[in-house]
Amino acid sequence: MERSERTLTIRQARLQERLEQLAEIGKIGETGVCRLALSPEDLAGVQLVRGWMEEAGLQTRIDHFGNLIGRLEGRNPDAPVLMIGSHIDSQPYGGRYDGTIGVLGGLEVVQTMMEQGIVPEQPIEVVAFCDEEGCRFQKGLFGSRGILGRLEPGELERTDKQGITRRKALLDFGCDPDRFEESLYTPGSIAAFLELHIEQGPILDKSDEPVGIVTGISGPLWWTVEMTGFAGHAGSVPMSMRQDALLGAAKVIVALNELARLDPSAPTVGTVGHLEVFPDSRNIIPEKVRFTVDLRDIDLERRNLRERELREEIEQIAMQHGLQYTISEDTNSEPRYCAEWIKDVIREESAKMNLAPPELMSGPFHDALALSDVCDYAMIFVRCRDGISHNPQEYASYSDIALGTELLYQTVRNISQKGKLLIH
């Protein structure tokens, strides 16, 4: 019998069944998922999870930001909330574990507590945050930033590829953007946030460890860049006279890649994942190119240096090819580190389970990044095969997911029973 099977308090079979059922909504191919934020598939997923929350005995609501919240009252209902959760929206070509194990694992934790007769000192809320991914409207962490009153001007007017605004998508979801204020959390009302998530990287898999303790989250910098040249006939304009916006964009992409690789020992990463070409014809020189830039690092000083260097590269490339350009900043978050006292609890409970989880940073951002602005937070990572994520081949074993959920359960039980949150 495996160690995880011997030590579990949570019910692995129930958790596995729910993960498999949720994966059927928006299923693509044999293993992939497409549940874009605020889509009909996302709503179906939210309704399914809400039903499970209510079956478990939680009070549920969908707030005006599109977040699903299940609440277990504590002995002191006025105490700050211990929040657990993640998201169930996905990338357009995504996997079935990203985000979902944090929501369904959080539900399993609270349901197990109730079955064990454990009454927490303070309320516990399990949250499925709306639009963590940011791929539909090109700006993520919407629900987790929303409840904190940290949305930026113009976010409701952002459109998807079909021209649908976020405002319209929220209304179709059953939310009312004019009532956002009703869904805000007052300062101090969230005591701490815990998130279970697949690693989305190869460290745990390479070290043959089922779970890890997160030390911090890299700060993402997201841009939208537009480069504009001049369209002309591909067969007649001499190479020396061209103002080719796509050529300029290609050089920027290469420059970003090279800058991110300058220090091989650093966790700096740079990506261009979306690109639009106008007029998009094989025999017309591209006049305008719009593309995204994603730059991340756990070291803010180093990330800021790479940003300055990239801006210089863009300026030089534009001058070389006679191009105009604009840079719009979509996201700019500082790296955030996990609370030491919560990591101590996770370490303590890991030792009781005969685990020695590696401690590692997170390159991807998570809803925890937004919550870190207002409360202490911590994360537990679960191993995923070959570190693959944002891909239908994303895979985490149910035994590893159950082990991570068990560690989350023991951590929450430890914190909530001892009332530690009431003094932090």
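Strands and helices are taken here as DSSP runs, where a helix is H or I over at least four residues and a strand is E over at least two, and both are numbered from the N terminus. I note at the start that this is a predicted model, in which local features need pLDDT of at least 70 and side-chain atom pairs count only at pLDDT 80 or more, while totals for chains, interfaces and linings use all residues. Residues are numbered from 1 along each chain as its sequence is written, and side-chain values use heavy atoms, with hydrogens and water left out.

**Entry: the largest pocket**

I looked up the largest pocket and found a volume of about 1,300 Å³. A pocket is defined on a 1 Å grid over the protein atoms alone, as an open set of points where a 1.4 Å probe fits, with protein on both sides within 12 Å along at least five of seven lines, and a lining residue has an atom within 4 Å of a point. Grid points are joined across faces, edges and corners, and the volume is the space filled by probe spheres set on the points. I listed 44 lining residues, of which Q91, W222, D294, R296 and H390 lie nearest the centre of the pocket. At least two lining residues come from each of β9 (219–228), β10 (269–271), β12 (288–297) and β15 (359–362), and β12 gives the largest share, four residues. By type I noted 15 nonpolar, 19 polar and ten charged residues in this lining, counting Ala, Val, Leu, Ile, Met, Phe, Trp, Tyr, Cys and Pro as nonpolar, Asp, Glu, Lys and Arg as charged, and the others, Gly among them, as polar.

**Entry: aromatic rings**

I searched the whole structure for aromatic pairs and found seven; rings of Phe, Tyr and Trp (its six-membered ring) pair if their centres lie within 6.5 Å, and planes under 30 degrees apart count as stacked, over 60 as edge-to-face and the rest as tilted. One of these is the edge-to-face pair of F65 and F142, at 6.2 Å centre to centre with 70 degrees between the planes. Because F65 lies in the loop between β3 (59–62) and β4 (68–72) and F142 in helix α5 (residues 142–146), this pair ties together parts that are 77 residues apart in sequence. F65 is buried at 1% relative accessibility, where buried means under 20% relative accessible area, exposed over 50% and partly exposed in between, for a 1.4 Å probe and protein chains only. F142 is buried too, at 0%. I also noted that F65, F142 and F180 form one aromatic cluster.

**Entry: cysteines**

How many disulfides does a search of the whole structure find? I found zero, a disulfide being a pair of cysteine sulfur atoms within 2.5 Å. The sulfur of C175 is 6.9 Å from the closest cysteine sulfur, in C130, which is too far for a bond. C384 is in no disulfide either, as the nearest cysteine sulfur, that of C338, is 17 Å away.

**Entry: backbone**

Most residues other than glycine have a negative phi, and most peptide bonds are trans. D280, in the loop between β11 and β12, has a positive phi of about 65 degrees although it is not a glycine, and it is exposed at 63% relative accessibility.
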